Amino acid sequence: MSTSSPALTPAPRTRRPGRTGRIALAVATGFMAVQAVYGASLLFAGGEGLPDPPAFLPGEGWWPGAVSLLLLVGVPMTIACVMQARAMPRADDATIAAGLILVGWIVVQVVLIGLVWFLQPLCFVIGLVLAVAGWWHRR
């Protein structure tokens with residue numbers, strides 16, 4: 001005969017995203033936002049060490065790539081960073097989106113200008129990791 005009553009049985013554990021995960025995602029997305037700004041500043045300065053800009057880019061130099069980098073990578077990463085830091089309800093979705101946008105950015109970049117820097121595959125992997133981490137944290 002069992003003496004355990006349902007009132008004394010512990011409730012099943014539910015997974016709650018923790019503060020540590022939010023902080024890690026905020027730091028990672030913030031780091032990538034800073035890197036996007038730094039990369040854009042290098043492109044605005046002339047893209048030292050890069051091949052000549054493709055002919056299909058408007059104007060002279062790498063400024064279209066710099067603006068695109070800021071808008072397509074820097075802004076989403078900054079938004080995800082702020083949302084994670086403030087523990088906003090859709091922060092994980094913003095992190096997933098920012099990671100996938102980074103992956104897309106790298107794919108388009110490699111198609112258009114080729115694999116010209118070691119950071120391209122690294123950023124591709126970082127984008128995947130951010131998207132998966134955002135999804136995992138959201139579960």
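The following exercises, with worked solutions, concern a predicted model of a protein chain.

In this predicted model, local features need pLDDT of at least 70, side-chain atom pairs count only at pLDDT 80 or more, and totals for chains, interfaces and linings use all residues. Residues are numbered from 1 along each chain as its sequence is written, and side-chain values use heavy atoms, with hydrogens and water left out.

**Exercise 1.** State how many helices and strands the protein chain has.

Solution. Helices (H or I, at least four residues) and strands (E, at least two) are DSSP runs, numbered from the N terminus. The protein chain comes to 4 helices and 0 strands. Read from the N terminus, the order is α-α-α-α.

**Exercise 2.** Determine how helices H3 and H4 are oriented to each other.

Solution. Helix H3 covers residues 91-113 and helix H4 residues 119-138; their axes (lines fitted to C-alpha atoms over the stretch in contact) lie 7 Å apart. The angle, taken from 0 to 180 degrees between N-to-C directions, is about 160°. H3 is therefore roughly antiparallel to H4 (an angle over 145 degrees). By class, their contact has 15 nonpolar, 7 polar and 3 charged residues.

**Exercise 3.** Decide whether Thr 95 is buried or exposed, and list its contacts.

Solution. Thr 95 belongs to helix H3. Buried means under 20% relative accessible area and exposed over 50%, with a 1.4 Å probe and protein chains only. Thr 95 has a relative accessible area of 0%, so this residue is buried. Contact means heavy atoms within 4.5 Å. Leaving aside neighbours within four places in sequence, Thr 95 is in contact with Leu 25, Thr 29, Ala 80, Gln 84, Leu 130, Ala 131 and Gly 134.

Note on methods. Angles under 35 degrees count as roughly parallel, over 145 as roughly antiparallel, 65 to 115 as roughly perpendicular and the rest as oblique. Ala, Val, Leu, Ile, Met, Phe, Trp, Tyr, Cys and Pro count as nonpolar, Asp, Glu, Lys and Arg as charged, and the others, Gly among them, as polar.
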